[in-house]
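Subject: Structure handover and notes

Dear colleague,

I am handing over the structure we discussed, followed by notes on what was found in it. Please read the notes with the structure open beside them.

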Amino acid sequence: MASSLLALGTSEILTILNSMLLLFGGVAAFIIGMNMMGGNLETAAGKSMRRLMAKATKNRFLGVGTGAAVTAIVTSSSATTVMIVGFVNVGLMTLTQAVSVIMGANIGTTVTAFITAISTAGAEFEITALFAFVAFVGVLMSMLCKKDKIKRIGAIFQGLGLIFIGMNVMSSSMGTMLTDEGIKGSVENVFISIGYGKDVLTWEIIVLFLLGAALTGLMQSSAAITAIAISLASSGLISLPMAMFIILGTNVGTCVTALFSSLGASVNARRTAIVHLLFNVIGSIIFIIPLAFTSGYVADFLNSFIPAISWQIAIFHMVFNLLTTALLLPFINWLVKLACLIVPDKKSKPEGEEEHGVLDKRLLKTPAIAVGQVRKELLHMGKLAFENYKRSLDMLLNGKTDAVEEFAAVEKNINDYNSFISSFLVKLSLEDLAESDEKKVSSFYHVASDVERIGDYAENIVEYAVKMAEDKAQFSEAAKAEILEMDEHVTALYQSVEKVFGELDTRYLPNVEREESATDECCVKMQQAHLKRATEESCNPEAGAIYLQLAINMERIADHMNNIANSTKTYHS
């Protein structure tokens, strides 16, 4: 084997070197194209992906379909799995729901193998030339068009073209190398010595499997290694049975990305990555043992009705993932139990200690989903602020301050939320966002500030409650009735704001405007009532001063709620 390679001359070695450099360049173009096409498709299909993820929670079959569809869009099972780890980490999915989506992701990733097969089978030059022109059209669209949507379509065309150009460079580099008879003879001798042909040796199976896994883990792209395998097989450098075992290895190697992504995440997020690994390892073991004895026959069967080896590899890849999913889908609960044994529960945290990792950085890989999650967290933050407002008003009216510590803990939580969400929005704004999502992110900064200000005004009311308790002052029954009347409008306003901001239901905007106007009127009435009682000297001076300040604070709380509802006008069509 070594003597065959050492017999090559200087010119032949340079030919091999040039071919390998072109091979790596083709791989680079292929990966850039995949990322460009997948990233822009993902951004363009943001709303569709949110709907798909919502359906995934219904049953395991929809979960498989969702995983397959999302992976076909983003053209990367690794990206989908990292996304799922993030969803589990923030509670968007349960561990059981995530397993079926992961299984679907393995099916969806076979799309890239078929794209690769198209670029290498049949009239190579014509197909590559066509998609090279598509890439050129995409460049023109991105350069000449001003609309964000058109530019994004142009970027998708560029990515698609680069995939085919990259594959053509890989195939051509191998073909150029094998046109040299000396190189071709040496390579054939090498493969004959290691069992090249339809029969693959046991040790060779292990080497090929580990090679596929290692290279995929290193490059973090099973699609790229699959493309290389197809390119090598199309050039006659490896046989179909050899490609099969490389493909099995890529399925295990692709788990590395998710495993790294789960580090430092919640227990269930780490279990999700472990389930992904278990699914692929078990599936590979199920197939690798019978294939060790039958790979030659499988190759003959595929060759009998599919002449192109690139299509044979793509079909094997798809059938392998479909059968693995069909075999393991009924055992989802067992996979979950096994993952729970491997990653046990953490010790419970001290009482009162909360986590603020509600917006996982993994969500940044799917900006459209991240935007939706920010809205949910702002709603939760708003609920905390409103509850604290009610808590503060109750202390003020009842003259009891026993809930001050609870109020302070929630107020700190609100401030932490504000800092955390603002920091996440900064990172999110740096991602490639659709135009509508850019507007949402911009408005969310102001919403977070409005919610935080509501909490601050509630804090003012607590201070009034403490002062009145110290002075043993009380409101008159008439004053309490006026305060409760305004509170009714503030409460109704909050309920309408929840509908508008949380559900984007603009039918409630007139209710928001009506209730906000009612709080303004109540504030004026309270001021007038105070002046009348002060003139009649029927008002306690300390209570009267606080009463006036309370009216202003409640009115400003209503203003900030109104701002939150109206923020949706900037992006809601």
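I start with methionine 561, which touches Phe386, Ile454, Val490, Leu493, Tyr494 and Val497, leaving aside residues up to four places away in sequence; contact here means heavy atoms within 4.5 Å. Please bear in mind that this is a predicted model, in which local features need pLDDT of at least 70 and side-chain atom pairs count only at pLDDT 80 or more, while totals for chains, interfaces and linings use all residues. Residues are numbered from 1 along each chain as its sequence is written, and side-chain values use heavy atoms, with hydrogens and water left out.

**Nonpolar cores**

A nonpolar core is a set of buried Ala, Val, Leu, Ile, Met, Phe, Trp, Tyr and Cys residues joined through side-chain atoms within 4.5 Å, where buried means under 20% relative accessible area, exposed over 50%, and partly exposed in between (1.4 Å probe, protein chains only). The helices are DSSP runs (H or I, at least four residues; strands would be E, at least two), numbered from the N terminus.

**Helix 19**

Helix 19 (residues 404-429) has 26 residues, which at 1.5 Å a residue should span 38 Å, and its end C-alpha atoms are 37 Å apart, in agreement with that value; the expected span is 1.5 Å times one less than the number of residues. Its buried residues are Phe407, Val410, Glu411, Asn413, Ile414, Tyr417, Asn418, Ile421, Phe424, Leu425 and Leu428, and they pack against helix 18 (367-398) and helix 20.

**Salt bridges**

The structure holds nine salt bridges, each being a side-chain nitrogen of Lys or Arg within 4 Å of a carboxyl oxygen of Asp or Glu. In one of them the side chains of aspartate 437 and lysine 440 meet at 3.8 Å, N to O, and the two residues are separated by about one helical turn because they are three residues apart in helix 20 (residues 435-471). Aspartate 437 is buried at 5% relative accessible area, and lysine 440 is buried as well, at 8%. Aspartate 456 and arginine 453 form another salt bridge, with their closest N and O atoms 3.0 Å apart, and they too lie in helix 20, three residues or about one turn from each other. Here aspartate 456 is buried at 17%, whereas arginine 453 is partly exposed at 31%.

A further salt bridge joins glutamate 513 to lysine 569, the closest N and O atoms being 3.9 Å apart. Glutamate 513 lies in helix 22 (residues 509-535) and lysine 569 in the segment after helix 23 (541-566), so this pair ties together parts that are 56 residues apart in sequence. Glutamate 513 is partly exposed at 41% relative accessibility, and lysine 569 is partly exposed at 48%.

**Backbone and surface**

Lysine 472, with phi near 55 degrees, sits in the loop between helix 20 and helix 21 (477-503) and counts as exposed at 75% relative accessibility. Leucine 504, with phi of about 50 degrees, lies in the loop between helix 21 and helix 22 and counts as partly exposed at 25%.

Glycine 296, in helix 15 (residues 267-305), is buried at 6% relative accessibility, and its C-alpha atom is separated by 8.4 Å from that of leucine 240, 56 residues away along the chain.

On the surface, Phe133, Phe136, Val139, Leu140, Met143 and Leu144 form a nonpolar patch with about 630 Å² of accessible area together. Patches are made of residues with over 30% relative accessible area and no salt bridge, like charges being joined within 9 Å and nonpolar side chains (Val, Leu, Ile, Met, Phe, Trp, Tyr) within 5 Å; the areas come from the Shrake-Rupley method with a 1.4 Å probe, and for residues only the protein chains shown count as cover.
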